[in-house]
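I opened my notebook to record what I looked up in this structure, one topic at a time.

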Amino acid sequence: MKLDLLIFFKLIENESYVVIKPSNKLPDYDVGSDIDVFCYFTDKIVEKISAFLSEYLDSSSTIAIIDNPTKTHVDFMVNNEIHFRFDLYKQLPIYRNISLKPAFFSSVIESASVISVTEDNRVASIKVPSKTDDLILRYVEYHEYYAARPDKIKHVEYIQQKIVGNEIEQVKMLDKLHYYTAFPKVAYRKKTLKDRLVEKRDYYQSNLGKMKHLYATVGLRALICKITEKIRK
């Protein structure tokens, strides 16, 4: 059994949403996979997902909804395993390595493009990010996760492919990326008395070590000459 996602996309065609990085397989999918959706009115879409999924319920399946302040999961469970998940974002994901202005969330939704998908001679529309926003999201994901997930280099390769193929307005993309992003600032912390004392201790210990080394290698006379030169400077 598989979900007929064409029906789902027709149910939400009048809602404000975008599917982030949609799979080329849509409306087909792999069991256990998910779709990420940015949307304004999460509750309305949850209701429509629940109504859609209820048509598939039987003794082996359930609908699980997990809601939190930033996003909602709606899982269609079969034999206690996730068959398909809808990830509904109420705001931008939290990024630690790059700062993305909150307003980018609504910009992505408002600038959405529409693509058509077909199955068995039936057609449905899916709202997806514009080409510019899609590449910005891919760049952000690469920058955020590359250290832990080197496979995210695929996003940079994808961006390069689009640039080389002249499929995007490069200046427009870079301008928007610059406007909405910033790298987190390193927080300044005023040095405490303890910090300053530790620095001085380390400084004097370092100099003492150097003097011991000079004494052992060149003798007392040369050491005194070096110290005298240092003082005169």
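The entries below go through ring pairs, charges over rings and salt bridges.

**Entry 1, ground rules.** I noted that this is a predicted model, in which local features need pLDDT of at least 70 and side-chain atom pairs count only at pLDDT 80 or more, while totals for chains, interfaces and linings use all residues. Residues are numbered from 1 along each chain as its sequence is written, and side-chain values use heavy atoms, with hydrogens and water left out.

I searched the whole structure and found twelve aromatic pairs. Rings of Phe, Tyr and Trp (its six-membered ring) pair if their centres lie within 6.5 Å, and planes under 30 degrees apart count as stacked, over 60 as edge-to-face and the rest as tilted. I looked up F52 and Y56, whose ring centres are 5.5 Å apart with the planes at 70°, so this pair is edge-to-face. I also noted Y179 and Y180, an edge-to-face pair with 4.8 Å from centre to centre and 90° between the planes.

I then checked burial, where buried means under 20% relative accessible area, exposed over 50%, and partly exposed in between (1.4 Å probe, protein chains only). F52 is buried at 3%, Y56 is buried at 17%, and Y180 is buried at 13%. Ring pairs also link F8, F9, Y29, F52, Y56, F76, F84 and F86 into a cluster.

A charge sits over a ring if NZ of Lys or CZ of Arg is within 6 Å of the ring centre and within 35 degrees of the ring normal. I found the charged end of K2 over the ring of Y29, 4.7 Å from its centre, and that of K101 over the ring of Y179, 3.9 Å from its centre.

I found eleven salt bridges in the structure, each being a side-chain nitrogen of Lys or Arg within 4 Å of a carboxyl oxygen of Asp or Glu. In one of them, K48 pairs with E15, and the closest N and O atoms are 2.9 Å apart. K48 lies in helix α2 (residues 42–54) and E15 in the loop between α1 (5–11) and β1 (17–20), so this bridge ties together parts that are 33 residues apart in sequence. Helices (H or I, at least four residues) and strands (E, at least two) are DSSP runs, numbered from the N terminus. K48 is partly exposed at 27%, whereas E15 is buried at 5%.
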